[in-house]
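Take a slow look at the fold before you read on.

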Amino acid sequence: MTEERVFISGAGPVGLSAAARLVHHGVPVTVFETGPDLAAESRASTFHPSTLDMLDELGAATPLEAQGLRAPKLQYRNKRDGLIARFDFGDIADLTNHPFRLQCEQWRLTRILLDKLELNPAFEIVFDNGIQDCRQDSDSVTVVLKQGERTGRWLIGADGASSQVRRAIDVEFEGFTWPERFLVLSTPFEFADEIPDLDPVSYVADQQQWHFLLRIPGLWRVMLPIPADMSDDAALDPEYGRRCLDWVAAGAGPSDVVHRTLYRVHQRVAKTFRRGRVFLAGDAAHINNPLGGMGMNGGIHDAFNLTDRLAEVWRGSAESTQLDLYDRQRRTVTMEAVQVQTIQNKKDLEAADDTDQAEFRDRLRNTEADPDLRRAYLQRISMMASLKRAAEID
Ligand SMILES: Cc1cc2nc3c(=O)[nH]c(=O)nc-3n(C[C@H](O)[C@H](O)[C@H](O)COP(=O)(O)OP(=O)(O)OC[C@H]3O[C@@H](n4cnc5c(N)ncnc54)[C@H](O)[C@@H]3O)c2cc1C
């Protein structure tokens with residue numbers, strides 16, 4: 001029997017944003033999640049203005065803000081000279097209702113979304129029963145679960161970077177893996193007492209060890225690259241972590257690391273975001289380095305683009321060919337904006353010679369000094385420019 005439902009694989013921020021948007025449009029949804037509960041890992045912690053505007057439409061921005069920290073400014077530094085440039089989202093306050101980054105862990109969003117979704121009778125979630133395979137015909141999709149099978153009308157694969165849905169529809173994940181891994185250390189140490197003029201979001205260029213600092217409520221998160229020839233054990237050694245933080249804080253050394261994560265970083269994009277009645281969104285469709293905080297944010301932008309179209313097709317007010325626009329728009333901006341920007345961010349911070357470091361510093365200072373360049377830059381880093389560009393593609 002074909003159920004009149006959209007299926008979603010994965011209850012991460014992207015799957016649940018897609019579910020919330022669909023039920024908001026009156027479309028019944030079932031989310032299948034492989035885990036026994038929502039993930040509670042420490043991963044994304046930055047929500048951009050453009051994403052907050054979207055989450056507001058789901059009633060999720062205000063509760064998220066209550067649990068997060070507003071960061072109206074972001075800055076670039078280099079280890080040698082200190083502050084290079086500072087950007088204030090207030091300069092684009094006419095374009096967004098949220099002229100700041102919100103620093104808040106992604107698991108708080110999924111909890112907020114699920115609590116709201118569970119009040120809606122059109123929503124169903126099935127934990128501990130992930131999608132293992134799928135097959136489709138011209139008007140339905142059947143998902144093969146750990147236990148049982150179900151058939152619905154459409155399937156959204158939002159099941160993360162190792163997406164089983166992406167494998168099931170045989171879509172290549174093209175790109176590359178960086179040789180270095182990234183280490184994230186969270187500490188209650190107050191870096192702002194030691195580093196002058198420190199904003200809650202601070203990217204620090206350095207020829208030896210670039211890094212960035214992000215403040216979330218009660219903690220600072222410091223992210224640094226780990227050289228390819230260092231073992232995981234050595235990178236996760238508490239003493240090594242302490243030395244890194246001591247170096248970041250110019251010798252005033254924090255001792256208390258409450259959380260550490262080491263992970264591999266990739267730049268990959270799925271060859272297509274749509275195959276028939278099956279779509280890919282979020283990390284299932286694209287992954288990138290965390291410089292700029294664009295992974296989850298871009299995934300939530302996918303979820304809105306796709307579900308607004310899907311709801312129209314569901315209601316019969318648009319042809320299903322309209323769904324191809326999802327692939328054209330979102331895949332194009334993922335390639336043109338997200339991949340390019342995140343790779344450039346990494347290249348700028350790690351630049352190994354003085355000329356390249358100076359070019360980066362001068363480029364930032366010129367941008368900061370010119371009101372038009374500054375506004376264009378803020379729209380790029382807050383991902384508003386990529387939304388505008390996507391809307392222009394037909
Ligand atoms: C340390 C770190 C920091 C980051 N910082 C940022 C940041 O500041 N800003 C930002 O935008 N991004 C950031 N990212 C990236 C961000 O975490 C991801 O882009 C985001 O989690 C993607 O969300 P998603 O819903 O697509 O996938 P996920 O969050 O991976 O969720 C996928 C869900 O699918 C489930 N699942 C897996 N397989 C199956 C299956 N077969 N069937 C059913 N369910 C399945 C999983 O259990 C999981 O719940 C960061 C990542 C890391 C690791």
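A residue counts as buried if 20 or more other C-beta atoms lie within 10 Å of its own. By that test, 45% of the 394 residues of the protein are buried. Keep in mind that this is a predicted model.

Start with the whole protein. Its secondary structure comes to 12 helices and 20 strands. The C-alpha atoms fill a box of roughly 65 × 45 × 40 Å, taken along the principal axes. Residues 24 or more positions apart account for 74% of them.

Next, find helix α1, residues 13–24. At 1.5 Å a residue, its 12 residues should span 16 Å. The end C-alpha atoms are 16 Å apart, which agrees. The helix is mostly covered, with 11 of its 12 residues buried. Among them are P13, V14, L16 and R21. What covers these buried residues? The cover includes strands β1, β2, β8 and β12, along with helices α4 and α8. Just after α1, G26 takes a positive phi of about 85°.

Now turn to the ligand. There are 35 residues around it, and G10, G12, G160, G282 and G295 come nearest. Helix α8 gives the most, with four residues. By class, the shell has 13 nonpolar, 18 polar and four charged residues.

Last, go to strand β16, residues 219–226. The strand is mostly covered, with six of its eight residues buried. Which strands pair with β16? Strand β13, residues 173–187, pairs with β16 in the antiparallel sense over seven bridges. Here T187 has W220 of β16 as its bridge partner. Strand β15, residues 211–216, also pairs with β16 in the antiparallel sense, over five bridges. In this pairing, I216 has L219 of β16 as its bridge partner. The hairpin of β15 and β16 has two residues between the strands. In that hairpin, G218 takes a positive phi near 85°.

Terms used: Residues are numbered from 1 along each chain as its sequence is written. This is a predicted model: local features need pLDDT of at least 70, side-chain atom pairs count only at pLDDT 80 or more; totals for chains, interfaces and linings use all residues. A residue is near a molecule or strand if its C-beta atom, placed from the backbone, lies within 6 Å of it. Ala, Val, Leu, Ile, Met, Phe, Trp, Tyr, Cys and Pro count as nonpolar, Asp, Glu, Lys and Arg as charged, and the others, Gly among them, as polar. The expected span of a helix is 1.5 Å times one less than its number of residues. Two residues are in contact if their C-beta atoms, placed from the backbone, lie within 7 Å. Two strands pair if DSSP finds at least two bridges between them.
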